[in-house]
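Let's work through some exercises together, one step at a time. Keep the structure in view as you read.

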Amino acid sequence: INGIMEILPFNKSFFHEHYNSLKRPEHYNGEKIYKILINNNPGLPEEWVKISTLTHDKKIVAIFLLIDDGKSISLFNLATKRSKLSFGLVLCTDIIDYYCKIGYRSFDAGVSGRYGIYKDKIFLHSMEIT
């Protein structure tokens with residue numbers, strides 16, 4: 001796709017607005033996702049929290065909340081516009097490509113139920129959680 005991927009410092013209102021507009025109705029909102037991130041990572045430096053977006057046709061179509069410690073990243077949570085173009089998969093591969101190019105060698109996509117396909121498509125070790 002003709003998309004533009006960006007890595008941005010965390011901005012609470014920006015994240016909440018775009019995440020909430022893209023998430024599935026049954027999933028947690030951006031406020032809850034951010035709260036889970038902070039509660040599950042006590043002492044997490046604020047500057048490590050980043051947002052990555054994918055823009056397509058001048059609209060943000062995917063947004064990822066991630067942790068960047070300067071040598072590795074953790075892909076925490078994704079919201080994406082539903083499309084046959086697989087915007088979430090595109091954003092995830094663009095993020096990994098970007099970080100590989102600047103020398104990162106460790107990527108974590110976490111453990112979750114089966115909400116999407118990016119973990120199965122990109123990461124070699126993936127299993128269904130029952």
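Two exercises with worked solutions follow.

This is a predicted model, in which local features need pLDDT of at least 70, side-chain atom pairs count only at pLDDT 80 or more, and totals for chains, interfaces and linings use all residues. Residues are numbered from 1 along each chain as its sequence is written, and side-chain values use heavy atoms, with hydrogens and water left out.

**Exercise 1.** Find out how strand β2 is placed in the protein chain.

*Solution.*
- Step 1: Strands (E, at least two residues) are DSSP runs, numbered from the N terminus; β2 covers residues 49-56.
- Step 2: Look at its partners, remembering that two strands pair if DSSP finds at least two bridges between them. β1 (residues 3-9) is joined to β2 by 7 bridges, and 8 bridges join β2 to β3 (residues 59-68). Both pairs run antiparallel.
- Step 3: Check burial (under 20% relative accessible area, 1.4 Å probe, protein chains only). On one side Val-49, Ile-51, Thr-53 and Thr-55 are buried, and on the other Lys-50, Ser-52, Leu-54 and His-56 are too.
- Step 4: Conclude: 8 of the 8 residues are buried, so β2 is largely enclosed by the rest of the structure.

**Exercise 2.** Describe how helices α1 and α2 cross.

*Solution.*
- Step 1: Helices (H or I, at least four residues) are DSSP runs too; here we take α1 (residues 12-22) and α2 (residues 30-40).
- Step 2: Their axes, lines fitted to C-alpha atoms over the stretch in contact, come within 8 Å and cross at roughly 125°.
- Step 3: That makes α1 oblique to α2, since angles under 35 degrees count as roughly parallel, over 145 as roughly antiparallel, 65 to 115 as roughly perpendicular and the rest as oblique.

Definitions and conventions. Axes fitted to C-alpha atoms, helices over the stretch in contact; angles between N-to-C directions. Buried < 20%, exposed > 50% of the residue type's maximum accessible area, 1.4 Å probe, protein only.
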